[in-house]
Amino acid sequence: MTDVVQGSERPDSSAPADPSHVRTGLDAEDLREAITDHLRYSIGRPAAALRPEHYYRALALAVRDRMQDNRVASTQTSLDLGKKVTCYLSAEFLMGPQLGNNLLNLGIEDAAGSALASLGQDLDEVLACEPEPGLGNGGLGRLAACYLDSLATLERPAIGYGIRYEFGIFRQEFSDGWQIELTDNWLANGNPWEIAKPDVNYLVNWGGHTEQYVDDSGALRVRWLPRQVIKGVAYDTPIQGYGVHTCNVLTLWSARAVESFALDAFNTGDYYRAVESEVTSETVTKVLYPNDEPEAGKRLRLLQQYFFVSCSLQHVVHIMDDLADASLVDLPERFALQLNDTHPSIGVAELMRILVDERRLAWDEAWRITVATFGYTNHTLLPEALEKWPLELFRDSLPRHLEIIYEINRRFLDEVRAHFPGDVDRVRRMSLIGEDGGKTVRMAHLATVGSHAINGVAALHSDLLKASVLKDFYELWPERFSNKTNGVTPRRFLALSNPGLRGLLDRTIGDGWLTHLDRLRGLEDVVDDPDFRREWRDIKRANKFRLSNYLHATIGVELDPTWMFDIQVKRIHEYKRQHLSVLHIIRQYLRLKADPGLEIAPRAYVFGGKAAPGYFMAKRIIKLINAVAETVNGDPEVNRAMKVAFVPNFNVQSAHLIYPAANLSEQISTAGKEASGTGNMKFMLNGAVTIGTLDGANVEIRDEAGPENFFLFGLTESEVEQLKRDGYRPEDYVAANEELRTVLDLISSGQFSHGDTEVFRPLVDNLRHDDPFLVCADYASYVECQDRVAAAWQDRDAWSRMSILNTARSGKFSSDRAITEYCDDIWNVGPVTVTLQD
Ligand SMILES: *Cc1c(COP(=O)(O)O)cnc(C)c1O
């Protein structure tokens, strides 16, 4: 950039700038004014010392200003009109970078680009300065973020409630091919998006015991005498809808020490003990727990969950108290509380505690309110991921809540006995208290009993939920169950991350697809137009080139953008079966080594994803992928036709580069294990063709795309269960398949590990003798399917057709469709048009 302009001259620099425009104006001149204003008054740096990150912060503050009037008007409008509000309770919000998305939703991308250019800055360089708020592990947290975007865009009043983790998901690096975890200090340079609300704070009790007392009216009551009290402080982040004035809020709670406790210690002269109390209190929101950890039952995790749920419910009750036209018994008419998985499910007992103990409502009335207000979304059928708290830990932490849960359970089990007389085993199965292997509190049962609506996240998942983990509950209350297939926001995952395709779509079908994704169907009219197909391919190639440049800069691997990009990015987990893909890669490697002249369509295999730090097998899968990559990429005999790249630190930021670059989307989990997936939808939206099992939302993706535009392989969910019932023996599949045996032997031989025969032994032994996720059983089908993929790729025109039709038919997978269903069927929350007064 040339002509760097210092200072803030406008053409009419003699006249003072309209101060309101500095905060609200949306054209390039106003933005430029606002940026220079923030550089001077908020950043406080001399012009000579300004770097792109300062421009990032100044622009972010200017953009935040522009959302504030919308934000205030949104709350005011829904309060004035008495409209119902959705509260989305989630322990994770994987928001990704905010600046680009907010510029898009406000419609000021071009203006911001021009404003920065006039200051000698490049928008892309400035955007790259934003640290990622990684307050989630993967799909579940990202879903919450997509849903906030859709709620605002659909003009539905909503609050997201979560935890302001000081350290988000760890940053991943590789050392000798092994995953290294580094702390993610995302707040190091401040966070321009949030507004601290120290006056919005609540006290949260923890530990101690309960006692009975007689209140002034002579009634017997219970009070909780806690061991510890922690303060929660609100931090608000605006959530701007696309093309509307609606601006909702994400409220994240941060833990503080309670001053009066510390003061007490000060008075006795024990300064250091006072500071220590601060240290332990503030630990509550220090760090995000990685999921998929085999070890569960961490007390601090329970405290995190209770802490943010209690603050959120106190906040909601506080808002109810301030309403002139409603009282607490009207809660279900004014707020819908959605539990994103069981992490916030303690909310059921907490709302009962507030209503019965603090507000002195009768139990039955309190229970009616609670059930009518809560909804529960289940996200997993994996038994190890269903939350259960050891009873003693729970009693020691939340003694009053345990009593309340016992009372909920007593009444609930009476209802079960009345419905199913004499069915003793059913009562045992449905109890909120698990008895097998040490007593536990079953959080999924608490969430289910305390909610009027329970949903799974894809059609198959919802059916399995009703047939397996929640079968007994479905038989009791079939009307409470429904399906809400996940979705993703087309604003972030198409418009923002694939600007080339966005332009082509706008030119071809207009820009209505951004809010009406079904309009992508219009592409079916041009699927056979050769010019359109050429443009389609050019865009995909440019996206591959962009990813290749990124990979070159980060890991030194360059990929040829004319090759097929075959991509698997997601958390590393045995059920997701990254190792199945590795077995196929090694098979291709062997074929090329055996026949150096082999004609084979060149392919780049790209992986990305983090493993939970304590997940032994997943970390070894990462090591294996990197080891195979090193061998393949370093061998000219094979790297003329294949390369392998592992993108370190897969997050939302790198996702923007990855999904749009894919030709082939790997969705190869063991059928029945992936609840829905959302990565599969992001790939489809961006024109990748899926190779996948009939699992999660893959089933619906195939239904929409048409079976001829989807590469299906593998056992179905019922075949998987049948095989397990019959006694699955991976040895038999290995014995019957010479190629699979050779592949496994090659890993064991040390070929990919400089002769080390130990490093991959646990992985290979597990596949040969246990193989809980049926990698060996699905190997032959997967490899055969990959051969069909390779053959299809040879006909580039036919492939482009498949690619275009995948995008054209991806409309169902918009989070706008999903949120409309939640609003209509579960929350009963309608749109509220927000307008701004001048
Ligand atoms: C979409 C997304 C996920 C979820 O991917 P799945 O393939 O559905 O497991 C995880 N992490 C990030 C950063 C994502 O954007």
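Rings of Phe, Tyr and Trp, the last by its six-membered ring, count as a pair if their centres lie within 6.5 Å. The structure on screen is a predicted model. With that cut-off, a search of the whole structure finds 21 aromatic pairs.

**Stop 1: a ring cluster.** Select Tyr 88, Tyr 147, Tyr 822 and Trp 827. Ring pairs link these residues into a cluster.

**Stop 2: Phe 412 and Trp 477.** Another of the aromatic pairs to show is that of Phe 412 with Trp 477. The ring centres are 5.6 Å apart and the planes stand at 40°, so the pair is tilted. To see what the contact joins, colour helix α15, residues 399-419, which holds Phe 412. Then colour the loop between α19 (471-476) and β18 (481-483), where Trp 477 lies. The pair therefore ties together parts that are 65 residues apart in sequence. Phe 412 has 3% relative accessibility and counts as buried. Trp 477, at 6%, also counts as buried, because the cut-off for buried is under 20% relative accessible area.

Arg 480 lies over the face of Trp 477, at 3.6 Å from the ring centre.

**Stop 3: Phe 493 and Tyr 659.** Select both side chains. They form an aromatic pair with 6.2 Å from centre to centre and 90° between the planes, an edge-to-face arrangement. Phe 493 belongs to helix α20 (residues 490-496), while Tyr 659 is in the loop between α26 (652-658) and β22 (664-667), so this pair ties together parts that are 166 residues apart in sequence. Tyr 659 counts as buried at 3%.

**Stop 4: Arg 164 and Tyr 235.** The charged end of Arg 164 sits over the ring of Tyr 235, 3.8 Å from the ring centre.

**Stop 5: a three-stranded sheet.** Switch to the cartoon and select β14, β16 and β15. In that order the three strands form an open sheet with antiparallel pairing. The edge strands are β14 (388-390) and β15 (433-434), each of which pairs on one side only. Look next at β14 beside β16 (residues 440-442): the two pair in the antiparallel sense over three bridges. Which residue of β16 stands opposite Lys 388? Select Arg 442 to see that residue facing Lys 388 across the strands.

Technical notes: Residues numbered from 1 in each chain as written. Predicted model: local features only at pLDDT ≥ 70, side-chain atom pairs only at ≥ 80, totals over all residues. Heavy atoms only, no water. Pairing = 2+ DSSP bridges. Helix = DSSP H or I, 4+ residues; strand = E, 2+ residues; numbered from the N terminus. Phe/Tyr/Trp six-rings, centres within 6.5 Å; stacked < 30°, edge-to-face > 60°. Buried < 20%, exposed > 50% of the residue type's maximum accessible area, 1.4 Å probe, protein only. Lys NZ or Arg CZ within 6 Å of the ring centre and 35° of its normal.
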